[in-house]
Amino acid sequence: MKDQVTLFEVGPRDGLQNEKTVISTSDKVELIERLVRSGLRKVEATSFVNPKWIPQLADAVEVLNRVRIHDDVVYSALVPNLKGLERACKTGIKEIAVFMSASESHNKSNINKSIAETFPVLQEVVEAATAKGMDVRGYVSTAFGCPYEGEISLTAVAHVTEQLLKMGVYEVSIGDTIGVGTPKQVKERFTSLIGQFGSDKLAGHFHDTRGMGLANVYAALEAGIRTFDSSIGGLGGCPYAPGASGNISTEDVVYMLHGMGLNTGVDLEKLVEAGEFMERVLGRELPSRVLQVMKKTGKEGECGNERYTAVKSNIGTDAS
C-alpha cells in the first residue's frame, strides 16, 4: 500500500447538521481550530444549504469569516445551488462541494429534484465556482444502498460519478449514506470505479450504522483508495436518510491507519482532545471507540498510558 492517506474531516458540517442542540458559532470555530491543530489539512467547515432546512448551520458565513486561515489548510463548504454559492463568496473560502445521490428516491427527498434535473443545477454551480478560482469536490450519496430503494446498481453510481467529473469536480466522494455496505461489495465497487476513473479522482465516505465502517475503509484501501471522509467522534447522520447513524470516527480511522504503518499527518492525542471538547459542548459521550478508550487509559506520554502504549506496540505494520 502507498504510505500516505488523506483524511477529509467532515465533522463540522456532516457531523453537526443533525444535532438538535444549538451549537454556538464560537464553539464551531473552536472545534475547527482544534481539528486543524491536530494536523488535519482538509476540513469541511459548514454548509450553505438554505438555513430553513439545516438551521444548525445558518451561521455559515460567520463561521468561515472567524476561522483562522492557514496556507496549508483547505476549508470547504457544501453548496447546493447558485444562491448558496453567492453566500459562500462572502467568505474567503477557496473550495466548495456539490452533492447528489445515485438513488432517484433519495435525490428527490434530499434535493427535491430528479437526478436528470440535478445535473444542470450543479453544472451552473461548478462553472461559476471554477470561474472564481475555486476548487470543487463532489459527493455521490447512497452509492451502496438507499433507504427507499434498497441496493443501488454500480451502473447508477458510475453514471453520476462520470457526470460530476465531466462538470469539472476534482474528486468524487463515494458515500455509503446509510451504512449498508460490506467489505466485499466495497472492494468490488471501488475496484471497478478506479478502473474507470482512477484512484486519484475518488474518495470513500462511510457510515458505521452496522459496524462495518472501519472494515469498509480497509477494503477501499485494498482497492486503491487513499482519501477518506471521517467525522470527529463519529458524529453525523443524514436528515433525509432514515436510519443513517454517524460517520466513521476520525479517531478510529487514524488509530487503524497508524497501526498499519500508514501516514496521515494527524496527531492522535490532539484529535482525541478535539473529540473531548465536542463531548463537553454536546453534554454526552460520542461513539468513537478510540476516544472512549484513550479517555480511560490515558494518552501517550501521560501517566496511566501503559495499557494504550502496550496495545499500540503490538499492532503489526505489514499492510500487504
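What follows is a list of stops, each with something to select and a note on what is there.

**Stop 1: colour by confidence**

Keep in mind that this is a predicted model. The chain has an average pLDDT of 91, and 90% of the residues score at least 70. Now select residues 300-320: pLDDT stays under 50 over that stretch. The model has 30 contacts for it beyond four places in sequence.

**Stop 2: a pair of helices**

Select helix H7, residues 154-167, together with helix H8, residues 183-197. How do you describe a pair like this? Two packed helices are described by the angle between their axes and the distance between the axes. For H7 and H8, the axes come within 11 Å and cross at roughly 35 degrees. The crossing of H7 and H8 is right-handed.

Next, show the side chains where they meet. On the H7 side, pick Leu 154, Val 157, Ala 158, Thr 161, Glu 162 and Leu 165. On the H8 side, pick Arg 189, Ser 192, Leu 193, Gln 196 and Phe 197.

**Stop 3**

**Stop 4: another one, in H3**

Now jump to helix H3, residues 60-66, and select Arg 66 and Glu 62, which are four residues apart, about one turn of the helix. Their side chains meet in a salt bridge, 3.3 Å from N to O.

**Stop 5: a charged network**

Select Arg 13, Asp 14 and Glu 44, which are linked in a network of salt bridges. Zoom in on Arg 13 and Asp 14: their closest N and O atoms are 3.7 Å apart. Both Asp 14 and Arg 13 are buried. Across the model, the count comes to 18 salt bridges.

**Stop 6: Ser 76 and what touches it**

Glu 44 turns up again here. Select Ser 76, in strand S3, residues 74-78. Ser 76 counts as buried because its relative accessibility is 0%. What is around it? Leaving aside neighbours within four places in sequence, Ser 76 is in contact with Phe 8, Val 43, Glu 44, Ala 45, Thr 46, Ile 93, Glu 95, Ile 96 and Ala 97.

**Stop 7: a mostly covered helix**

Select helix H10, residues 250-259: eight of its 10 residues are buried. Among them are Val 253, Val 254, Met 256 and Leu 257, and the list also includes Glu 251 and Asp 252. What covers them? Show strand S1 (6-9), helix H9 (213-223), strand S8 (227-230), helix H11 (268-282) and helix H12 (289-297), which are included in the cover. Just after H10, look for Gly 261, which takes a positive phi of about 85 degrees.

**Stop 8**

Most residues other than glycine have a negative phi, and most peptide bonds are trans. Select Asn 112, which has a positive phi of about 65 degrees although it is not a glycine. You'll find Asn 112 in the loop between helix H5 (104-111) and helix H6 (115-131), and it is exposed, at 66% relative accessible area.

Then select Thr 142, another non-glycine with a positive phi, about 50 degrees. Thr 142 sits in the loop between strand S5 (135-141) and H7. Thr 142 is buried, with a relative accessible area of 0%.

**Last stop: Asn 110**

Go back to helix H5 and select Asn 110. Asn 110 is partly exposed, at 22% relative accessibility. Draw a C-alpha to C-alpha line from Asn 110 to Met 100: the two are 10 residues apart in sequence and 8.1 Å apart in space.

Note on methods: Residues numbered from 1 in each chain as written. Predicted model: local features only at pLDDT ≥ 70, side-chain atom pairs only at ≥ 80, totals over all residues. Heavy atoms only, no water. pLDDT = per-residue confidence, 0-100. Contact = heavy atoms within 4.5 Å. Axes fitted to C-alpha atoms, helices over the stretch in contact; angles between N-to-C directions. Helix = DSSP H or I, 4+ residues; strand = E, 2+ residues; numbered from the N terminus. Left-handed = near helix turned anticlockwise from the far one by under 90°. Buried < 20%, exposed > 50% of the residue type's maximum accessible area, 1.4 Å probe, protein only. Salt bridge = Lys/Arg side-chain N within 4 Å of Asp/Glu carboxyl O.
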